[in-house]
Amino acid sequence: MGALRWQTGYFSADGLAPLVPVIDELKTQDLLTSCVIGSNGGETGEPDIETLLQLVGSPRANARIGVVSYSAGLFHPKVYHLTRQDGTQAAYVGSANLTSPGISGMNIEAGMLLDSSTGDPDDVLSDVASAIDAWFTDTRPGISSISSLSDLAPLVAAGVLGVAPTPRTTQSASTSSGGTLNKVGLKPLIKFPSVSTKSSTGPVAASSAAAQPTLPNTVPTATPAAALTSSPRPPFPAYVLFAPGIMTPTQGAVALTGSSLAGGAAGLVIRLNKDSARHFSGGSGTANVSVPVATIGTVRFGVFQGKYQRPRAEFDLRMRFVSNLGAHEAPASSTNVMVYGYASGESGHGDVRMVVPAAPARDIRDHATANGFRVPAANDPMILEWPTAADPCFKATFVDKGHPLFGTVDALLTAASTTGALVGQGACWLPSGTSPQW
């Protein structure tokens with residue numbers, strides 16, 4: 001590949017998935033990577049730009065990133081151009097933004113492909129490339145050039161990045177008889193692998209976090225503190241980090257990379273589902289919660305030697321139930337975080353899960369029942385505080401629906417869902433100080 005250029009009205013890091021191999025090749029050879037990104041209303045997330053910076057290898061001579069934002073009007077083009085090593089050119093001009101819905105087929109888009117190798121005019125394709133280059137070669141209002149992580153914090157403070165999007169209202173279609181039609185939902189046609197959003201610089205990420213609101217409105221990433229030696233290991237995604245040489249599960253402090261959750265987050269608020277709440281309802285089997293990719297940079301894995309060699313990290317776990325009677329803590333237990341779907345011969349989609357053990361869940365169920373409280377159930381919020389080097393233990397809090405804390409954390413999840421700021425499926429960031437002291 002010789003060069004890659006694009007301009008897109010809306011952007012998210014997960015839209016980069018199909019371009020990662022191309023970007024890596026260009027970075028290795030220090031070839032042109034030119035990216036013009038709209039942040040309409042300031043909605044583009046700081047971590048998304050941070051991920052892009054890391055992928056393209058900025059700062060480097062031939063990497064150019066610009067964010068365009070206006071107080072009135074939208075930056076709305078969707079144009080992608082590449083130059084091959086043999087000099088031929090190809091371009092897409094259409095309606096698809098560089099976002100997951102735009103590139104996966106979830107949105108219905110239209111566009112035109114041009115390719116000089118199949119006879120399309122070189123001069124037209126060169127004009128497309130020049131139109132993108134002009135954002136950096138001409139003096140144009142509204143564009144902020146970004147070459148390093150230190151450029152991000154001022155843009156967050158100015159509202160160019162990281163502003164919560166305005167919620168979209170859901171409209172129902174009415175029939176002539178006064179009824180309502182059920183609209184057909186769309187699903188992605190292509191499922192791309194996740195794009196790692198692990199941060200690599202502590203001081204800059206910390207200064208950026210200072211400009212975040214109490215409830216982060218974008219997907220924060222892990223920011224390093226006193227990082228331990230950790231490295232990726234094929235065939236697992238790059239965001240899954242291993243303790244070198246350890247072929248058994250890591251445990252406790254050894255199972256932490258030394259990174260912390262960005263934005264001052266103390267952990268997650270997770271919406272329980274039938275699986276994660278199964279022991280409260282008397283079910284059997286293994287209960288799990290899904291662990292979002294954005295948190296995985298904090299965990300340093302070893303290897304579970306079972307039928308499949310899976311990345312696994314083990315931790316102590318404390319669980320409690322908070323009600324107007326106070327906090328009831330279940331007997332101490334343990335949990336593990338394990339990566340599924342990537343080991344050789346393993347089927348299924350790649351995901352990361354944490355076990356919710358049966359014994360403490362049943363203890364909480366029995367306590368709630370004995371005192372006339374409603375037992376935790378699917379759709380209730382669960383507070384999951386993250387382990388730290390000083391206290392390498394997960395802490396899970398379940399709250400009675402009549403306690404004020406229930407409404408507080410439920411509102412955090414609802415707000416994150418409304419603004420599109422969920423972390424993975426059914427989870428949002430836990431602001432520091434929200435959970436009561438243990």
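So, does C393 count as buried or exposed? C393 counts as buried, because its relative accessibility is 7%. Buried here is under 20% relative accessible area, exposed is over 50%, and partly exposed is in between, using a 1.4 Å probe and protein chains only. C428 is buried too, since its relative accessibility is 0%.

Before I go on, a word on the model. It's a predicted one, where local features need pLDDT of at least 70 and side-chain atom pairs count only at pLDDT 80 or more, while totals for chains, interfaces and linings use all residues. Residues are numbered from 1 along each chain as its sequence is written, and side-chain values use heavy atoms, with hydrogens and water left out.

Staying with cysteines: searching the whole structure turns up zero disulfides, a disulfide being a pair of cysteine sulfur atoms within 2.5 Å.

Next, D400. You'll find D400 in the loop between strand 22 (393-399) and helix 8 (404-419). Helices (H or I, at least four residues) and strands (E, at least two) are DSSP runs, numbered from the N terminus. D400 is buried, because its relative accessible area is 7%. Setting aside neighbours within four places in sequence, D400 contacts F321, V322, S323, F373, R374 and F406; contact means heavy atoms within 4.5 Å. Take F373: it sits 27 residues from D400 in sequence, but the C-alpha to C-alpha distance is 6.7 Å.

Two strands pair if DSSP finds at least two bridges between them. Strand 3 (residues 63-68) and strand 7 run antiparallel, joined by four bridges, and V67 has S144 of strand 7 as its bridge partner.

What about the helices? Angles run from 0 to 180 degrees between N-to-C directions, and axes are lines fitted to C-alpha atoms, for helices over the stretch in contact.

Helix 1 (residues 20-29) also packs with helix 2 (residues 46-56), at about 50° and with axes 8 Å apart. That's why the two helices, helix 1 and helix 2, are oblique to each other: under 35 degrees is roughly parallel, over 145 roughly antiparallel, 65 to 115 roughly perpendicular, and the rest oblique. Helix 1 brings V20, I23, D24 and K27 to that contact, and helix 2 brings Q54, L55 and V56.
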